[in-house]
Amino acid sequence: MADLLTIENLGNLIMLCFLQAVLGFDNLLYISIESQRAPVAHQRSVRFWGIIIAVVLRVVLLFIMVHLIDLLAEPFYIFAWTGVIEGAVNFATCVFIIGGIFIMYTAVKEIGHMLTIEHLGDDISAKSGKSAVRVVMLIVMMNLVFSFDSVLSALAITDVFAILATAIILSGVAMLLLADTVTEFLKKNRMYEVLGLFILLIVGVVLLGEAGQAAAHAMHDDTMALHLFGYELIPMSKTTFYFSVVVLVAVEVLQSGYTRKLNAQRRTAARH
């Protein structure tokens with residue numbers, strides 16, 4: 001126990017908690033949006049159990065990756081179709097591709113649904129059409145997809161399982177504390193739900209980009225990076241992603257304020 005209580009491990013824990021907080025933003029956003037698809041009476045418990053189960057499975061995933069990191073890193077197929085698709089595929093590649101496609105599909109489907117509805121009340125009722133168990137399973141599955149990247153990043157900082165597990169548990173506690181607040185905010189400010197869906201769409205693109213370099217990073221061999229039609233599949237940097245999110249939020253806030261101002265002026269003109 002004394003070996004764990006060192007300045008180095010404490011510093012790593014603080015750094016890992018910060019990393020989990022930064023990388024957990026898109027995860028929390030997905031949980032808040034997806035939980036609204038469950039029956040209204042069960043939405044809070046869906047968020048609670050979805051996060052609890054996901055955190056437990058994330059610790060299990062961490063344990064597996066600590067012991068099997070070399071096996072998971074090894075490519076199981078190498079494409080050699082010159083000029084069309086080239087590069088290696090490993091376990092992480094498949095996780096990022098499946099997760100990215102699923103998140104993009106979910107975001108596009110919900111955006112399309114919002115464009116077709118005529119009454120918001122009908123939309124709220126329609127959102128509660130999935131069973132609570134199904135929503136919990138979706139939250140857990142996507143939480144694992146999101147956590148895969150963060151676990152790989154965490155392993156680059158330290159391989160001390162107790163420190164890694166503590167950071168994951170603390171991030172889970174933070175999500176439990178914030179999930180209800182974020183969900184209520186989206187319910188009261190529904191224009192930001194559209195913004196959230198577009199952010200999730202970008203997250204899907206980010207995951208697909210991560211897939212291109214997964215095998216190359218794992219094996220420390222740049223020649224294993226995926227190339228499509230001669231172009232290397234390069235992931236979006238986290239700095240670019242969060243800059244895009246900040247710009248989207250700023251545009252939405254300014255647009256909302258400008259719309260309210262225009263509506264107030266129109267109401268004033270109508271009265272006169």
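Here is a quick tour of a predicted model, taking in its salt bridges, a cysteine contact and a sheet.

The salt-bridge count here comes to two. One is between the side chains of Asp 180 and Arg 44, with N to O at 2.9 Å. That pair links distant parts of the chain: Arg 44 sits in helix 3 (residues 43–73) and Asp 180 in helix 7 (residues 161–188), 136 residues apart.

Arg 47 also forms a salt bridge with Asp 180, and the closest N and O atoms are again 2.9 Å apart. Arg 47 is in helix 3 and Asp 180 in helix 7, so this pair ties together parts that are 133 residues apart in sequence.

Arg 47 has a relative accessible area of 5%, so it counts as buried.

## Around Cys 17

Cys 17 is part of helix 1 (residues 7–23). With a relative accessible area of 26%, Cys 17 is partly exposed.

Leaving aside residues up to four places away in sequence, Cys 17 touches Ala 167 and Leu 170. Leu 170 is 153 residues from Cys 17 along the chain, yet their C-alpha atoms are separated by 7.2 Å.

Four strands make an open sheet in the order 1-2-3-4, with antiparallel pairing. Strand 1 (77–81) and strand 4 (231–232) are the edges, each pairing on one side only.

Strand 3 (residues 227–228) runs antiparallel to strand 4, and two bridges join them. Across that pairing, Leu 228 stands opposite Tyr 231 in strand 4.

Conventions: Residues are numbered from 1 along each chain as its sequence is written. This is a predicted model: local features need pLDDT of at least 70, side-chain atom pairs count only at pLDDT 80 or more; totals for chains, interfaces and linings use all residues. Side-chain values use heavy atoms; hydrogens and water are left out. Two strands pair if DSSP finds at least two bridges between them. Buried means under 20% relative accessible area, exposed over 50%, partly exposed in between (1.4 Å probe, protein chains only). Contact means heavy atoms within 4.5 Å. A salt bridge is a side-chain nitrogen of Lys or Arg within 4 Å of a carboxyl oxygen of Asp or Glu.
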